[in-house]
Amino acid sequence: MDEAQRAVALRKMQRIATGLLIAMSILFVITSFYREMAPWIGFVRAFAEAAMIGAIADWFAVTALFRHPLGIPIPHTAIVPRRKDRIAESFGRFIERNFLDPDKIALRLRRQNVASRLARWLRQPERSNQLADLAAESLTGLLRVANDDEVGAAIQRTLSDRVAGVPVTPLIAQLLGVVVVEQRQRDVLLQLARVLTQWVEANQEAIRKRIAGELPAWMPRIVDQKIYERLLDGARRTLAELSEDPDHPLYEQFTQTLDRWIVNLQYDTEVRAQGEALKQELLQHPMFREVAGKLWQDLKTSLLTQSTMAGSPLRESIARGLANLGDLLENDPEWSARIDGWTEDLSRYIIKRYGRTAGEFVTQTVNAWGTDEVTRKIELQFGRDLQFIRINGTIVGGLVGLLIYTVSLWLL
């Protein structure tokens, strides 16, 4: 029930308890007036008298918890308002010691068999899809609030640190070694010739301008066109020869060159020093920062598109991954045991680290409430049940009074 419903229920029980007190009072007055009319009236009067006293006593006890009865500042009344701070501290300690006990929570998790429950949950397509949607939506929120400049700078620093820590020339030598071991020299040389030919074809104007800049001023302009055509024709002819002749001399020359490069890149200190210097120069170049920023922008745009699109490959991949995780946990006892162990260890860590903080949070929250608010919340939470004390006190008091009256008549 919410607070409004609790308030209605409390007022209803208060009216019942108070009405019972009034009824006993009226019954006492009537039986007192007519007590000589019949012997049994004395028994009713004794019941009403004791019930009235019990009702008043319990009304005083219940009321004294939350306020001064009739507004009179009687000692040891209005207990909740006077001890609000102590109650707040007790609430915090109670929750910390009884609900945030690492051993109890770990035992409960062990009994729940978390891995099996998680596996069954993830294997349900609607569940894995819901979790994938939640992950995608969370990713969208993170991407929208991320500072692009800071993320780009972080990517640049990460790439710089990783690249700076890797010797560049031995790495290149290893890559070239893979080409040699797998006998891919011919494919590489043919691809290089093809790329070079395409580049010459696509950059005619730039190449002609460069040729013209190197020629004497008195040289006719048509010369740069002829040189370019000879250059392009040579590139095409070489590409055709390499494609048609698997034993072309260039293949052998290229293999020998690769072997020489591999040795120099690995063992020549001067070459290695030049490679490291070139690497550092590239890392300091503004283009490297632009590449890092562009990499983040492209990645962010792609992730935003994928995460906001229903049924996107990203969401489907997350859902499939979750379903596969469910299958793994269901069929692999070792992984299931690991998940249970990790869950238990994580719960212990969180509770030991933040359990006291949670208790202090409860204490601070209650302390932040006003005295009237604390009193009202506690009364709404427990007041309805406390009214049964008044009702029971009325009935039990009446029965005890009736018993005493009966015994007194028997003894006298």
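Predicted model: local features only at pLDDT ≥ 70, side-chain atom pairs only at ≥ 80, totals over all residues.
Local features were taken at pLDDT of at least 70 and side-chain atom pairs only at pLDDT 80 or more, whereas totals for chains, interfaces and linings use all residues. Residues are numbered from 1 along each chain as its sequence is written, and side-chain values use heavy atoms, with hydrogens and water left out.

Buried here denotes under 20% relative accessible area, exposed over 50%, and partly exposed the range in between, with a 1.4 Å probe and protein chains only. Beyond residues up to four places away in sequence, phenylalanine 66 is in contact (heavy atoms within 4.5 Å) with Ala78, Val80, Pro81, Thr375, Ile378, Glu379 and Leu386.

Glutamate 379 also takes part in a salt bridge (a side-chain nitrogen of Lys or Arg within 4 Å of a carboxyl oxygen of Asp or Glu) with arginine 67, at an N to O distance of 2.8 Å. This pair links distant parts of the chain, 312 residues apart, arginine 67 lying in the loop between α2 and α3 (79-82) and glutamate 379 in helix α18. Glutamate 379 counts as buried because its relative accessibility is 11%, whereas arginine 67, at 37%, is partly exposed. By this rule the count comes to seven salt bridges. Within helix α17 (residues 333-368), glutamate 334 and arginine 338 lie four residues apart, about one turn of the helix, and their closest N and O atoms are 2.9 Å apart in a salt bridge.

Helix α18 also gives the most residues to the lining of the largest pocket, with six. Of the 13 lining residues, Trp369, Lys377, Ile378, Gln381 and Phe382 are the closest to the centre of the pocket. Serine 116, in helix α6 (residues 114-122), counts as buried because its relative accessibility is 19%.

Note on methods. 1 Å grid on protein atoms, 1.4 Å probe; cavity = no way out; pocket = protein on both sides within 12 Å on 5 of 7 lines; lining within 4 Å. Helix = DSSP H or I, 4+ residues; strand = E, 2+ residues; numbered from the N terminus.
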